[in-house]
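Subject: Structure handover

Hello,

My notes follow below it.

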Amino acid sequence: VNFGYKTRLITKIGNDASGSIISNLFKEKGIDDRFLFTNTATTAFSYIIIDQTTKSRTIIHTPTEEIEISEIKEEFLEDAKILYLDTRYTKAALQLLDWAKEKKIPVLIDAEKDRNPEFRYLLNRADYICTSTNFPRDYVPTSKDLLDAMRTIFDSCCAAFIVTTLGNHGSILMVRNGFRSKETFVTVDSFDRLMDLVLSSEKITAENYSSKSIKYFFYRRSEND
């Protein structure tokens, strides 16, 4: 659950059986649950539908009560090395982001859909952005292709990188020049070239390519990933 790192989760659960299961799981996994709020509503839950053919997944989410700004405290970020926001509680996330920026704590945004105007503020101030396959094109409907949409988002924000997942095809990583990258990635300079790599079975090797201030990387998942 926490990949060996000390993890703290800020969220709300209901005073019900599902909430108890979540709370007990956190204790079992050693996750800091001091900021796990309990409310009278039903605990949020999701149905996850997995397509074995495309290796993609669809999540149908039923939310619980919002975390209010009045419930957020600066101490939540004590000793934090990175702040991960899924932006579901947008107003609370805004407050945490502002505090993180003051403390120079990097912020990673998980962008699945454009929720509201506050979400755009969050996205523009994130240090790192991770998106679902469809998010860039939905966010920038006038874009000509996925890379163009990612580039438009990248040009409007200050993030060091943006990565978009492609199901069983892997991911696209777009980074600013000067940001370190691993040699297991292959760079691409066009969407057509990207699709050639996605659809082909050729072995991917590292190349050196950069376009202005941004580099594009395609990563194919191996069978062991």
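Start with the helix pair. α2 passes α3 in a left-handed crossing. Bear in mind that this is a predicted model. Helix α2 covers residues 90-102, and helix α3 covers residues 117-125. Their axes come within 9 Å and cross at roughly 25 degrees. Angles under 35 degrees count as roughly parallel, so α2 and α3 are roughly parallel to each other.

Which residues of α2 and α3 meet? From α2 they are Thr90, Lys91, Ala93, Leu94, Leu97, Asp98 and Lys101. From α3 they are Glu118, Phe119, Tyr121, Leu122 and Arg125. The residues of this contact between α2 and α3 divide into six nonpolar, one polar and five charged.

Next, the strands. β5 (residues 83-85) and β6 run parallel, joined by three bridges. Tyr84 has Leu108 in β6 as its bridge partner. Leu108 sits on the uncovered face of β6, along with Asp110. The covered face of β6 holds Val107, Ile109 and Ala111. The strand itself spans residues 107-111.

Last, a loop residue. Ser132 lies between β7 (128-131) and α4 (135-139). Is Ser132 buried or exposed? Its relative accessible area is 18%. Buried means under 20%, so Ser132 is buried. What is Ser132 in contact with, leaving aside its neighbours within four places in sequence? The partners are Ala111, Glu112, Thr164 and Thr165. Of these, Ala111 belongs to the covered face of β6.

Best regards

Definitions and conventions
Residues are numbered from 1 along each chain as its sequence is written. This is a predicted model: local features need pLDDT of at least 70, side-chain atom pairs count only at pLDDT 80 or more; totals for chains, interfaces and linings use all residues. Side-chain values use heavy atoms; hydrogens and water are left out. Axes are lines fitted to C-alpha atoms, for helices over the stretch in contact, and angles run from 0 to 180 degrees between N-to-C directions. Helices (H or I, at least four residues) and strands (E, at least two) are DSSP runs, numbered from the N terminus. Angles under 35 degrees count as roughly parallel, over 145 as roughly antiparallel, 65 to 115 as roughly perpendicular and the rest as oblique. A crossing is left-handed if the near helix is turned anticlockwise from the far one by less than a right angle, and right-handed if clockwise. Contact means heavy atoms within 4.5 Å. Ala, Val, Leu, Ile, Met, Phe, Trp, Tyr, Cys and Pro count as nonpolar, Asp, Glu, Lys and Arg as charged, and the others, Gly among them, as polar. Buried means under 20% relative accessible area, exposed over 50%, partly exposed in between (1.4 Å probe, protein chains only). Two strands pair if DSSP finds at least two bridges between them.
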